[in-house]
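Here is a short briefing on one protein structure. Keep the model open as you read.

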Amino acid sequence: MGHREFCEGDVMVGLRLFGLFGVLAVSGVALGQKPVVLAASTELVAVDQRGAMSLDGEWHVIADPYLAGLYSFHNAFNTEGYFKDEEGDAGGKNGNKLIEYNFAKSPTIKVPGDWNTQKEWLRMYEGSLWYERHFSYQPVAGHRAFLHIGAANYKSVASVNGKLLCQHEGGFTPFDCEITDAVKAGDNSVVIEVDDTRIADGVPTLKTDWYNYGGLTRDVSVVTVPKAFIDDFELHLDRATRTKIEGYLHVEGATAGSPVSVEIPELKLHVAGVTDANGRAAVTLEAKGLTLWSPEMPKLYKVALKAGADTLTDEMGFRTIETRGTEILLNGKPIFLRGVSIHAEAPYRTGRANTDEDMATLLGWVKEMGGNYARLAHYLHDEKMTRAADRMGVLIWSEVPVYWAEQFGNEEVFKKSEQQLHENIRRDRDKASVILWSIANETPDSPERTAFLTRSAAYVRSQDPTRLVTAALLVHGEGNTKYIDDPLGKALDVIGFNEYIGWYEKTPEAADTMQWKVAYDKPLIVSEFGGGAKAGLHGPATERWTEEYQASIFEHQIGMLNRIPGLRGMSPWVLMDFRSPVRQLPGIQDGFNRKGLISDQGQKKKAFFVLQKAYKDGAVGKAE
C-alpha cells in the first residue's frame, strides 16, 4: 500500500488497515533484512467526545532529509534509530555508545500545526521530520491505551519508549496506535516521524493546487478505554418514516452476548441489546416528536452509548438526505444548496486550520454571505470543522484527495483511496451536517479512471448508504454550448461540475449566451467557478486581477446558472485565498491562489457582496 518496510527480527507481517491488507514497502531497504512487527493501527470514533489526555503543545523536532533516523548508510533498517529517543553517554557508562542526535537540545514547534509556517527554515521543507515529547501517565488496570493522531501529513511512524508501534499513510485522516504494552507508570517518551514527501502513487499524487503543509497538523492525545470498548457506531434516521432511528454499535474486545444500550435522554428514549459473535449489536429506536436537523434548526441531541464498563456520549442531529429526479431532498423537502468551497487554510495566520476559532471564522463567513452549505475541498478537514457545521447549521460536501492525474490503473492507489474513504466515513458518520461524500476532483476522462471511481462509489455506498455520492467533474464545450456528459455521472447520486467561464476561457460576458446540455436526470451542483483578484486592487471590470473583474465574473455567472436545468447547488471557488506553490505571479499571487472571495487577512472583496446579495435575495437557484 505504499508504506515503508522496516527490517529486524524473524517475522514478516502485513499491516492491517481497516480490513485492507498490504506489505509495507520502501526503496532502499537492504536485501535479506526482515521486517519489524508493527501492531495494526485502528481508528476510534468520537475521540473528541472522550476524556482524552492531550499531548498538544511544544514538541522537539529534528529534520531528517536523508532518513538517517530510520536507515543506515547502506540503507538497512537502523535498529538504533531516532525512535529510540536515547541520549549520548559522554562518560562511557554504557559502552561509550555513539548517539548523533539529541531531542532535548533540538528546537521545538507547536502541535497541532504544520511545520512550514512555524519556522522559516522549514518553510519549503519536504521530507522527514521527527517529533518528540515526554508525558506522564498512569496505566489503569483492565484498560487499554491508544495514541490518537488527528492527522499527520503524509506518512508517519509512531513509537513510545523506544518501541515502534504503528504507521499510517494519508495526510488528512485520523488513526490510533495501541500503546498499552509500551506505556509505563510515570514518565514516557513518544516519538512520531512524519514524512510529507510527495509520491507519484500517493493520494493525492505529485501535483496539487494547494500547499503541502507537513507535520502533525491536528490534535494528538492519549485515550484510555476499558478492555472492551465502543470503537465504532452508526445511528441514522429512517428515510421512509423519519420517526425511527436505526443503526449499530461495535464493541472491540466483546464476547457474544455482551450487553449494550443507547439512550437519548431529552426524548426519553432507551434501547438495550447484546453483541453478536463479531462484537456488533443492531439497535432501533422509535423517535416520534424528533426535531429534525436542518440549517434553519440545527438541533443536536445528547446520545449516550454504553457497553459494559465503557460509556461514550456524543452530540448528534437526525435528518434524511436523498434525491428525487433532479431534486435534493432534505427531510423530504427540496433544497437548494447556497454555498462556497473552502480550503483548510487558517484565516489571518495561514497554515493548516485546526482551532475552534478557525472553524468559527470560516463557517461564520459562510453564514454571513447567506449560505447553508460548504464544500470542504479537497480532503478531509479537521473534525472541529464538521462539529462546528453541526452546531451552526451548514451542510457539508466532504472529499478525499483523489485529485487530477492519479495513477488510475494502479490497484495500490485504489486501495489507498479506499482506505481514506473508509477513514473519512468512519470519522464523520455521526455528523448530521455531512450529506455528500465526494470521491474525486477534476479527473481526466478515461476508461481506467471511470472504472476506478465507479468502484469507489460502490465502496462508499457499502460503507454508508444513508448519504449521497458525488464528485467534481470537468465539462467540455463547443462554441456557446457546454456539455455535462462525463460517463462517471452514471455512478453518482449528485453530479458536481467545475467551470471557469471568464477566467480560464472566454470573457465573463460569454456566460450570458452559454447554453448547457446535461446527459443525466440527476441533481447538479456547480462545485467550482470563479476567478482571481488581489484584495484592494481596483480598476475597470475588464482588467484581470482587479476586484471589479472578479465581481463581473460572478454577476454574469448568476444569470447563466439560473438557466442550467437541474441545478440544485453551488459552491464557487473559493471562500478565502490560500497558499499554493503553483501560483507565482509577483505582486499579485505571491504564492497564493487569489480566487478567494475574502483575502487570507480577512478582507472581503467585491465578489463576496455580489454573491451575498444573490443568496439573500433568492436571486440564484431553485430547489425544484
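Two strands count as paired if DSSP finds at least two bridges between them. By that rule, β25 and strand β26 (residues 434-441) pair in the parallel sense, over four bridges. Bear in mind that this is a predicted model.

- Strand β25 covers residues 395-399 and is mostly covered: five of its five residues are buried.
- Side chains in a regular strand alternate between the two faces of the sheet.
- In β25, Leu-395, Trp-397 and Glu-399 point one way, while Ile-396 and Ser-398 point the other way.
- Strand β24 (residues 373-376) runs parallel to β25, and four bridges join the two.
- Ala-374 has Ile-396 of β25 as its bridge partner.
- Trp-397 has Leu-436 of β26 as its bridge partner.

**Crossovers**
- A right-handed β-α-β unit is made by β24, helix α2 (residues 383-392) and β25.
- From β25 the chain crosses through helix α3 (residues 411-428) to β26, and this β-α-β crossover is right-handed.

**Aromatic rings**
- The whole structure holds 23 aromatic pairs.
- Phe-172 and Tyr-379 form a stacked pair, with 4.2 Å centre to centre and 10° between the planes.
- Why does this pair tie together parts that are 207 residues apart in sequence? Phe-172 lies in the loop between β9 (163-169) and β10 (175-178), and Tyr-379 lies in the loop between β24 and α2, so the pair ties those parts together.
- Are Phe-172 and Tyr-379 buried or exposed? Phe-172 is buried, and Tyr-379 is buried too.
- Ring pairs also link Phe-172 and Tyr-379 into a cluster with Trp-210, Tyr-403 and Trp-404.

**Charges over rings**
- Arg-455 has its charged end over the ring of Phe-414, 3.7 Å from the ring's centre.
- Lys-604 lies over the face of Phe-608, and the ring centre is at 5.5 Å.

**An open sheet**
- Three strands, in the order β13-β14-β17, form an open sheet with antiparallel pairing.
- Which strands sit at the edges? They are β13 (229-237) and β17 (280-286), and each pairs on one side only.
- Neighbouring strands of this sheet are turned by 20° against each other on average, direction ignored.
- Strand β14 (residues 244-252) is joined to β17 by seven bridges, and the two run antiparallel.
- Ile-245 stands opposite Leu-285 of β17.

Note on methods:
Residues are numbered from 1 along each chain as its sequence is written. This is a predicted model: local features need pLDDT of at least 70, side-chain atom pairs count only at pLDDT 80 or more; totals for chains, interfaces and linings use all residues. Side-chain values use heavy atoms; hydrogens and water are left out. Buried means under 20% relative accessible area, exposed over 50%, partly exposed in between (1.4 Å probe, protein chains only). A crossover is right-handed if, with the strands pointing away from the viewer, the path from the first strand over the helix to the second runs clockwise. Rings of Phe, Tyr and Trp (its six-membered ring) pair if their centres lie within 6.5 Å; planes under 30 degrees apart count as stacked, over 60 as edge-to-face and the rest as tilted. A charge sits over a ring if NZ of Lys or CZ of Arg is within 6 Å of the ring centre and within 35 degrees of the ring normal. Axes are lines fitted to C-alpha atoms, for helices over the stretch in contact, and angles run from 0 to 180 degrees between N-to-C directions.
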